[in-house]
Each structure stands twice: as structure tokens, then as C-alpha cells.
Amino acid sequence: MYCFAAGCRQTAQTYGNLCQRHAVHQRTHGHPEQRPVTAKELRPYRQAVRPIIARNRTTDALMITEERWTETLRRCGAYAETDGRTVFHRPTKQAAQALVKLGNEAAFDAVLETVAAMLLLQERDPRRFKSGRAFSVELARVVRRLGTLAIVSQWDQRAGRVRGVYRRFPLPASLALAELVTTAIGLAAKRIADTVQAEEARKVRLEGEYRASLEGIA
Ligand SMILES: [Zn+2]
């Protein structure tokens with residue numbers, strides 16, 4: 001059988017419906033065809049949500065959201081310290097450890113901006129994410145990228161130098177991390193993304209109305 005991924009003519013592995021390359025990609029990205037979101041791609045979306053966050057920064061909504069984030073980090077801190085004597089959920093523990101480190105390195109504003117930018121990207125281009133799971137994995141990746149600890153130095157044989165690469169993070173841990181982040185700040189981030197969309201729609205409508213009014217010049 002051929003690999004199940006769109007356009008792939010490789011033979012699928014014995015167990016499963018994907019070729020080796022796509023199976024690895026699915027394990028890393030949550031979907032065999034999910035293209036990773038780059039920092040460059042996300043930049044304009046960050047820029048679009050930034051002013052909304054700035055002008056609402058001292059509102060109750062964002063103050064309470066920041067408290068929710070702080071509380072999440074506190075709970076993560078407690079969970080990250082569970083030891084072998086206690087039963088724990090490994091992906092949640094890995095996610096909690098990553099968030100504790102991130103909390104020391106990235107400000108709340110940066111996290112909120114990143115999540116809102118991702119939601120805006122998803123709203124503008126719904127097909128950019130192949131599945132809800134793939135969205136969660138990409139969300140976890142871009143959020144983790146806010147901290148330096150997501151990066152490890154690795155010897156690049158071909159380039160003949162040390163290169164910074166993103167530390168591998170297991171898929172279940174990524175899903176747990178995305179869940180923790182969206183539970184804390186997802187609603188506020190979604191509202192911010194929606195506000196950007198509403199403002200743009202309003203601009204387009206006003207422009208249309210103006211153009212229509214020009215027809216009145218006879
Ligand atoms: Zn394939």
C-alpha cells in the first residue's frame with residue numbers, strides 16, 4: 001500500500017498507513033502533512049495583535065488573565081516536582097517542567113501575543129492547520145520557542161559547526177502544554193484575535209461605503 005499522506009508515492013510501513021518519513025512527521029507534528037509555523041510567518045500576526053494587547057493591558061480582562069497564567073505556572077511548579085513516590089502523568093509533568101522554565105524566561109505579554117497570533121493565523125487561514133491536534137502541537141512549539149531552554153546546541157556535521165536546534169519534545173507533552181496554555185489564556189487570546197478581525201472588517205466596510213458614496217458625485 002502507498003503512504004496515506006497526500007501526494008506521497010512511498011510505500012507505507014508494515015504496521016500503519018504512512019511511509020517512514022511521514023510517520024516520523026506525524027509523531028513530531030501531530031499530522032503527516034502539517035507544515036511547521038516559522039517565526040517569520042507568525043511575525044505579521046504578532047504585530048496585528050500587539051496594539052490590541054497594549055491598549056487593553058490594564059483592563060480587568062487582561063489583569064485576570066495574567067493572574068490565571070501565574071496560577072497555572074504555580075500549579076505547574078508543584079506538578080513538576082512530583083517525584084517517583086507519587087503517581088504522575090508523564091506528559092503533564094514534561095509540559096509543567098517546560099512551562100516553569102518558560103515562565104522564568106518569557107513575560108506573560110509575549111505568551112499572550114503568541115497565542116493570539118496563532119489563533120489569528122488559524123482564523124485567517126483555517127486550512128493552515130491540518131487538524132486540531134496539529135494546531136495544538138504547533139502552538140506548543142511556538143510558545144516553547146519563547147524560551148531559550150527549548151534550544152540545544154548540536155554539532156552539524158554538514159555545516160562543520162555547532163548549531164542551535166529545538167529540543168525534541170514528545171507529542172503527548174506538546175498536547176498537554178497546549179492544553180495548559182489555552183485553558184489559562186485561550187479565551188482572552190481568542191477575543192484579541194477576533195477584535196483584530198472585526199477591526200479589519202470594519203475598515204473594509206468603510207472603504208466600500210466611501211467608494212459607493214463617490215458614485216453620488218454626478
Ligand atoms: Zn509518505
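Of the 218 residues in the protein chain, 29% are buried (20 or more other C-beta atoms within 10 Å of the residue's own, with C-beta atoms placed from the backbone; 12 or fewer is exposed, and in between is partly exposed). Keep in mind that this is a predicted model, where local features need pLDDT of at least 70, side-chain atom pairs count only at pLDDT 80 or more, and totals for chains, interfaces and linings use all residues. Residues are numbered from 1 along each chain as its sequence is written.

**Start with the whole chain.** Show it as a cartoon and you'll find 7 helices and 2 strands (DSSP runs numbered from the N terminus: H or I of at least four residues for helices, E of at least two for strands). Their order along the sequence is α-α-α-α-α-α-β-β-α. The C-alpha atoms fill a box of roughly 75 × 50 × 35 Å along the principal axes.

**Next, select Ile53.** You'll land in helix H2, residues 39–55. Ile53 counts as buried because 20 other C-beta atoms lie within 10 Å. Leaving out residues up to four places away in sequence, Ile53 touches Asp109, Leu112, Glu113 and Ile192 (contact means C-beta atoms, placed from the backbone, within 7 Å). Now pick Leu73: it sits 20 residues from Ile53 in sequence and 21 Å away, C-alpha to C-alpha.

**Then select 108–124, helix H5.** Its buried residues include Val111, Leu112 and Glu113. Colour H2, H3 (60–80), H6 (132–144) and H7 (171–214) as well; they are among the elements that cover the buried residues of H5.

Methods
Contact = placed C-beta atoms within 7 Å.
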